[in-house]
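Hi,

Here is the structure I promised to pass on. Have a look at it first, and then read my notes below.

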Amino acid sequence: MITTVTLNAAVDKTIEIENFTPGQVNRIIKTEMEAGGKGINVSKAVNSLGGETLCTGFLGGQTGKWINSRLRNLSIASDFIWTDKDTRTNVKIVDTRTREITDINDQGEEIADIFVQKLSEKIKETAEVSSVMVFSGSIPQNISNDIYKGFVKIAKANKCKTIVDTNGSALLEAIKGVPYMIKPNIHELEDAFGVKIRNEQEIIRHCKNLLEQGIKLVVVSMGADGVILASERKILKADVIQVRVKNTVGAGDTMVAVFAYGIHQGMDIEETLGLSVAAAALTVSSGSIIHNIEEVKNMSGKVKIREIG
Ligand SMILES: Nc1ncnc2c1ncn2[C@@H]1O[C@H](COP(=O)(O)OP(=O)(O)OP(=O)(O)O)[C@@H](O)[C@H]1O
Ligand SMILES: [Mg+2]
């Protein structure tokens with residue numbers, strides 16, 4: 001099973017307004033709600049590929065209940081720690097005339113220590129029955145930035161492979177726990193190391209440094225510039241599939257989902273990379289992270305991969 005951990009889940013609310021004007025009364029044409037948060041997105045994508053997945057992390061209040069029932073409707077198993085605070089709601093305003101999008105994101109409530117302790121226990125419990133655990137997304141404001149490091153260690157002690165997809169100091173700390181795989185985008189890699197990366201050689205150098213620390217797979221996504229994968233045996237570069245871009249949000253989450261799926265299945269690394277680039281292209285062109293595996297396999301024939309080190 002592939003377990004995802006979301007510490008800062010959200011109800012993602014999309015509102016359509018014609019001619020959105022700040023400072024005035026605006027009338028809503030249409031409202032849509034979706035369960036959000038990076039780990040939840042990864043579980044949705046894994047589920048659509050046909051993988052068995054479980055979501056855990058923190059939920060609270062009516063918004064938390066809404067997310068839980070939404071996951072149930074999608075046939076995704078969940079086992080969250082219930083906190084005393086409402087899960088946040090993020091609002092996306094789409095102007096139907098200009099197509100301009102305005103995001104209003106809540107940073108989320110603080111989580112009391114008692115719930116963090118409970119989640120640690122839940123991580124141990126679920127690691128025992130999971131082949132892969134994914135730690136994705138930002139960390140609630142008051143929680144220590146080394147929380148993923150601790151969770152990675154718990155998972156590893158239970159023979160569970162781990163994927164970390166986060167940024168800044170949370171990523172740096174998680175690396176110290178030596179996860180199986182990390183998937184920073186190029187900006188997250190730069191931020192974590194406080195450097196400006198100028199070329200492919202510099203990316204490779206950083207990847208090798210991370211491999212020397214014991215990480216088995218470093219996947220650096222570079223938006224439309226493709227992706228570099230570094231493993232002990234080889235370093236690969238994949239170009240993107242050229243598509244009409246609808247929305248790039250969640251492309252990285254799709255990629256993480258395919259790697260979790262591939263690792264769980266014991267799939268060849270080059271094949272997994274090809275599928276991940278194909279799935280990400282489908283996400284970018286459709287604006288959805290939900291794709292079945294046959295569709296992804298068909299698309300993966302178009303991916304060009306070469307060895308660069
Ligand atoms: N314009 C694009 N055209 C085709 N493929 C794209 C495009 N942008 C991104 N992708 C694919 O998606 C992958 C992940 O994108 P990106 O590097 O933007 O991830 P990210 O920043 O982690 O995304 P997020 O965190 O929002 O999910 C890229 O490696 C690429 O394969
Ligand atoms: Mg990302």
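Ile203 touches Ile197, Val220 and Ile228, leaving out residues up to four places away in sequence; touching, or being in contact, means that the C-beta atoms, placed from the backbone, lie within 7 Å. Ile203 sits in helix H7 (residues 200-212). Helices (H or I, at least four residues) and strands (E, at least two) are DSSP runs, numbered from the N terminus. Ile203 counts as buried because 23 other C-beta atoms lie within 10 Å. The cut-offs, again with C-beta atoms placed from the backbone, are 20 or more other C-beta atoms within 10 Å of its own for buried, 12 or fewer for exposed, and partly exposed in between. Ile186 is 17 residues away from Ile203 along the chain, with 8.4 Å between their C-alpha atoms.

Before you go on: this is a predicted model, where local features need pLDDT of at least 70, side-chain atom pairs count only at pLDDT 80 or more, and totals for chains, interfaces and linings use all residues. Residues are numbered from 1 along each chain as its sequence is written, while chains are lettered from A and ligands numbered from 1 in the order in which they are written.

Now helix H5 (residues 168-176). Its buried residues are Ala170, Leu171, Glu173, Ala174 and Ile175. They pack against several elements, including strand S9 (132-136), helix H4 (147-157) and H7. Just after H5, Val178 has a positive phi of about 55°.

Which residues touch the most other members of the largest nonpolar core? Val134 and Ala260 do, in a core of 86 residues. Such a core is a set of buried Ala, Val, Leu, Ile, Met, Phe, Trp, Tyr and Cys residues joined through C-beta atoms within 7 Å.

Four strands form an open sheet in the order S3-S2-S7-S8, with mixed pairing; strands pair if DSSP finds at least two bridges between them. Strand S3 (28-36) and strand S8 (101-104) are the edges, each pairing on one side only. Strand S2 (residues 10-17) and strand S7 (residues 88-95) run parallel, joined by eight bridges. Ile17 has Asp95 in S7 as its bridge partner.

Finally, ligand 1 has 21 residues around it, and the closest are Asn185, Ser221, Ala251, Gly252 and Ala280. Helix H8 (251-265) and helix H9 (269-286) each supply at least two residues of that shell.

Cheers

Methods. Near = placed C-beta within 6 Å. Contact = placed C-beta atoms within 7 Å.
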